[in-house]
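Please consult the sequence and structure shown below.

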Amino acid sequence: MHLVLLLAALYSLLPLVWLATSATKSLGEFSTTSPFELGQWHLGANLAALFAQEGGIFLVWVGNSAFYAGGGAVLGALICAACGYAIAKTSFPGRRLLFALTLAGVLVPTTALALPLYLLASQLRVVDTALAVFLPLLTNPFGVYLARVYAEAAVPDEVLEAARVDGAGELRTFFAVALPMMRPGVVTVLLFQFVGIWNNFFLPLVLLTDPELFPLSLGLFQWSTRQSQFPQYTPLVVTGSLLAVLPLVVAFLVLRRQWRAGLAAGSAR
């Protein structure tokens with residue numbers, strides 16, 4: 001079992017090691033050094049070229065990804081928490097059917113929704129705008145499922161009844177009582193949302209044509225398609241990919257305790 005875990009860890013970490021070592025190389029060193037060998041430390045020059053390429057478009061892509069992933073993760077996690085809480089702790093007609101449809105939505109691949117989302121965006125006249133990418137990211141059936149499971153486990157009915165007896169309305173009960181109790185689960189949903197949106201590629205590819213609106217994933221892909229004709233893009237793509245991974249690592253390190261607690265509570269149920 002330890003050998004299997006070691007192989008899985010190497011499979012996950014070796015690409016990151018390759019990114020870290022390759023980002024230190026000049027263009028010529030990609031063909032004269034081994035994949036995991038450090039270069040002559042051209043990292044500073046690679047970063048300077050990356051930020052200066054095409055008038056600093058990389059920083060624009062960073063800002064776009066931060067907007068899509070940060071805003072989408074926070075608002076999406078809040079929406080998922082509210083939906084999960086409503087399904088778990090309130091009674092309304094069609095609640096079980098709604099939850100069944102939510103579970104069915106988990107099984108639908110994102111690529112199958114690309115064309116319907118494009119047609120909807122076209123009808124709303126928001127194709128090639130930030131809203132075309134941002135709005136669909138606010139919904140996540142799997143996040144609703146996790147929030148429902150966690151609300152069922154972490155929010156006692158007695159506490160909700162006490163809040164209602166004290167005169168609190170449904171919104172105040174959710175924000176002041178239920179949401180703090182659901183914090184580990186909400187952080188778990190937020191992390192899943194952030195990672196999914198940060199790595200989102202296919203939806204921006206379908207809905208966006210303006211490079212000023214591209215997220216990092218799509219922008220770096222556009223650069224990677226030019227490497228065969230313009231080899232100077234190779235160190236830019238590698239260095240940009242390394243920087244694109246860092247926010248995900250930081251997010252997991254900062255929120256790891258809440259994330260583990262949320263996963264453990266959800267799996268225990």
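At what angle do the axes of α10 and helix α11 (residues 183-198) cross? This is a predicted model, in which local features need pLDDT of at least 70, side-chain atom pairs count only at pLDDT 80 or more, and totals for chains, interfaces and linings use all residues. Residues are numbered from 1 along each chain as its sequence is written, and side-chain values use heavy atoms, with hydrogens and water left out.

**Helix packing**
- The two axes, lines fitted to C-alpha atoms over the stretch in contact, cross at roughly 75° and come within 5 Å.
- α10 and α11 are therefore roughly perpendicular (65 to 115 degrees between N-to-C directions).
- In contact (heavy atoms within 4.5 Å) are L179, P180 and M181 of α10 with R183, P184 and V186 of α11.
- By class, this contact comprises 5 nonpolar, no polar and 1 charged residues.

**Aromatic pairs**
- There are 13 aromatic pairs, counted when ring centres of Phe, Tyr or Trp (its six-membered ring) lie within 6.5 Å.
- F51 is partly exposed at 33% relative accessible area, whereas F58 is buried at 2% (buried is under 20%, exposed over 50%, partly exposed in between, with a 1.4 Å probe and protein chains only).
- Y85 and F174 form another tilted pair, with centres 5.2 Å apart and planes at 45°.
- Y85 lies in helix α4 (residues 57-89) and F174 in helix α10 (residues 170-181), so the pair ties together parts 89 residues apart in sequence.
- Both Y85 and F174 are buried.
- W61, W223, F230 and Y233 are linked into a cluster by ring pairs.

Conventions. Rings of Phe, Tyr and Trp (its six-membered ring) pair if their centres lie within 6.5 Å; planes under 30 degrees apart count as stacked, over 60 as edge-to-face and the rest as tilted. Helices (H or I, at least four residues) and strands (E, at least two) are DSSP runs, numbered from the N terminus. Axes are lines fitted to C-alpha atoms, for helices over the stretch in contact, and angles run from 0 to 180 degrees between N-to-C directions. Angles under 35 degrees count as roughly parallel, over 145 as roughly antiparallel, 65 to 115 as roughly perpendicular and the rest as oblique. Ala, Val, Leu, Ile, Met, Phe, Trp, Tyr, Cys and Pro count as nonpolar, Asp, Glu, Lys and Arg as charged, and the others, Gly among them, as polar.
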